[in-house]
2 protein chains.
Amino acid sequence: MLGLASLRDLGELKIIEILERSLGESRRTVVGFGDDVSAIRLPDGKVAVLKTDMLVASTDVPPGMTMRQIASKAVVANVSDLAAKGVRPIAGLVALGLPRNLTSQDIRALASGLSGSSKHYGFPLVGGDTNESKDLTISIALLGTTRKKSQLVLRSTAKVGDTVAVSGEFGSTAAGLKALLRRRKQPDRLPPALYRAVYSPRAELKLGLRLAASGALTASIDSSDGLAWSLHELARASGVGIQINRVPVSKAAVEFAARHRYSASDLALYGGEEYHLVVTVKPEKFRMAQKAARGRLKAIGVVTKKPFQVQFKQAEKEYPIAMRGWEHFKS
Amino acid sequence: MLGLASLRDLGELKIIEILERSLGESRRTVVGFGDDVSAIRLPDGKVAVLKTDMLVASTDVPPGMTMRQIASKAVVANVSDLAAKGVRPIAGLVALGLPRNLTSQDIRALASGLSGSSKHYGFPLVGGDTNESKDLTISIALLGTTRKKSQLVLRSTAKVGDTVAVSGEFGSTAAGLKALLRRRKQPDRLPPALYRAVYSPRAELKLGLRLAASGALTASIDSSDGLAWSLHELARASGVGIQINRVPVSKAAVEFAARHRYSASDLALYGGEEYHLVVTVKPEKFRMAQKAARGRLKAIGVVTKKPFQVQFKQAEKEYPIAMRGWEHFKS
């Protein structure tokens, strides 16, 4: 409507497009908008890798999540993006927007979650900022470094014929959220696997570092926006297509889907908030990658030459996979 | 009350204390919490300087401020802290929390403000994150580098006998805000000097870089929390006292105070949201500093050996200056 569409109509992709176009790049930019991280050349030639991800309680926090878990999830979301690029975080900053009704106990739990989680991933949070806000907000920024750009495993470098693989199974988070939201279950009544997926997600940092160091990957993305979404982003950034022949669904999601008549594939494809890695590998290097991953990679498909098309192939038939997932502002 | 004081009672300092204690430091930390910026040693020995400052509309934005001005102020608040340390920003990230009712025009204005302001200070915003939030939130993180820690002008290194100086005059922002809030004036009816102070603040980056490069400074802080607050922070961090013999009040604030029966000194001391530099200089190097500042430094006092005491001396009498200013959560 005359350029005055509200955010609900615009959607996150359009907003990012407006920002990207406006902010542009500089001579120093190595990786700009459009990948899991950004990167900039330092005066001495090394590359600084930067990431920010903001957690906003009203949209990113499931019911019943503790302050400690909320803080931890904010850290995980940032670390996961560095993990997908094969970059170790060396320091972080945390800016907080805190509602007035929080207690000092809440603040201590928040601090403890930030501290425990950053220590778990081996980096310090060295500075921050506190503010009052209507919406509990945790904005984290991470710094890592690499010697050169080619050490970063980007989204945009998948090649036709590459094997597509994932580092974990999907659907537990979506199943857990559906159980919580639709059936108003208490968190402690969830099956343990669904509870862990929703309340204690982990980033696959060690795995990402080992995979990148193996040199076997051609491209990589973290799956936080959902498996389908991540496959589409990989395809889009690399100018290729992706055909998968299996959907890697977790046992807990299969069980939940069977009991409550959901599609297990849909839970796995369109859920989001799961922090696995989605990677592409030259077929001849898959064993090398698998060794680096200590057996945790699951091959699910192949990179095709049909630009931007993401499909599921079963019994010689191809079904399109929608570019759906967790997109803010579009619910 | 049993450790359950609400944020209103706790105040920002206490919250920061809880965070600091919990987050701690690492071997790599060069500057942790408690200064204008943080700094961390990179693997090659250089020092990465990091800053994050979050703007939250419900508390940080005066009535009538445009989206472009809001975005610009968010950048300025971050740049000002690097300016005080003598560090040039080389790249930034921006995480946005956006209320649903924003229009695409709002987003474009926001992007334009971010872009224009970061370009003005000579660095690119290379990445970001967008979220839905109840409260418009702009969280910026900046990266700079220095060769070694000693190039950073810290808060904690003022010495007894040093001259205390400021890079500008104070009170216009407080006067402008009082005019807006108490008298419900429209922004365009404000005197131009007050309008500029409230709606188009600038960070003194070039000045900060020149002053730091001159080698004449012993300590420095930006004045964004107010002149009195900044003097207290300098004194506290350095374990010294400060005695000032004049309050540098802007002409516009003097006029406003006279007309509306405010104390001009109070406007200048306790206002905040003004982005000047407050520095200490060895007396024998003051001319050198003044030359680097192109005459813009105003000497206002001296560093004393009375720990943490900030005083105003006039006609041989000493008056304590309260540690008041813009502290979130405590209004």
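Reader: What makes B:Gln290 buried, exposed or partly exposed?

Author: In this predicted model, B:Gln290 has 19 other C-beta atoms within 10 Å. A residue is buried at 20 or more and exposed at 12 or fewer, with partly exposed in between. The value of 19 therefore makes B:Gln290 partly exposed.

Reader: Where does B:Gln290 lie, and which residues is it in contact with?

Author: B:Gln290 is part of helix 11 of chain B, residues 286–292. Leaving aside neighbours within four places in sequence, B:Gln290 is in contact with B:Gly295 and B:Leu297. As for B:Asp266, 24 residues apart from B:Gln290 along the chain, the two C-alpha atoms are separated by 27 Å.

Reader: What class does B:Thr304 belong to, and how do you know?

Author: The count for B:Thr304 is 19 other C-beta atoms within 10 Å, so this residue is partly exposed. B:Thr304 belongs to strand 11 of chain B, residues 298–304. Its contacts, leaving aside neighbours within four places in sequence, are B:Val160, B:Val240, B:Gly241, B:Ile242 and B:Gln243.

Reader: Why is B:Arg261 called exposed?

Author: B:Arg261 has 6 C-beta neighbours inside 10 Å. The limit for exposed is 12 or fewer, and B:Arg261 therefore counts as exposed. It is placed in the loop between helix 9 (251–260) and helix 10 (264–270) of chain B.

Reader: How do you know whether A:Ala315 is buried or exposed, and what is its phi?

Author: A:Ala315 has 4 C-beta neighbours inside 10 Å, and so counts as exposed. Its phi is near 50°, a positive value in a residue other than glycine. A:Ala315 sits in the loop between strand 12 (310–314) and strand 13 (317–320) of chain A.

Reader: Why are the buried residues of helix 9 of chain A said to line one face?

Author: The buried residues in helix 9 of chain A, residues 251–260, are A:Ala252, A:Ala253, A:Phe256 and A:Ala257. Seen down the helix axis, they fall within an arc of 130°, so they line one face of the helix. An α-helix has 3.6 residues a turn, so residues three or four places apart point the same way. On the other side of helix 9 of chain A, A:Lys251, A:Ala258 and A:Arg259 are exposed.

Reader: How many residues does the contact between the chains take, and which element of chain A gives the most?

Author: The contact takes 73 residues from chain A and 72 residues from chain B. On the side of chain A that touches chain B, helix 1 of chain A gives the most, with 10 residues. By class, that side has 33 nonpolar, 27 polar and 13 charged residues.

Reader: Which residues touch the most other members of the largest nonpolar core?

Author: A:Leu50 and B:Leu50 do so, in a core of 220 residues. Not counting residues up to four places away in sequence, A:Leu50 touches residues of chain A, including A:Val37, A:Ile40 and A:Leu143, and residues of chain B, including B:Leu93, B:Val126 and B:Leu143.

Technical notes. Residues numbered from 1 in each chain as written. Chains lettered and ligands numbered in written order. Predicted model: local features only at pLDDT ≥ 70, side-chain atom pairs only at ≥ 80, totals over all residues. Core = buried A, V, L, I, M, F, W, Y, C linked by C-beta atoms within 7 Å. Contact = placed C-beta atoms within 7 Å. Helix = DSSP H or I, 4+ residues; strand = E, 2+ residues; numbered from the N terminus. Nonpolar A, V, L, I, M, F, W, Y, C, P; charged D, E, K, R; others polar. Arc of directions from axis to C-beta.
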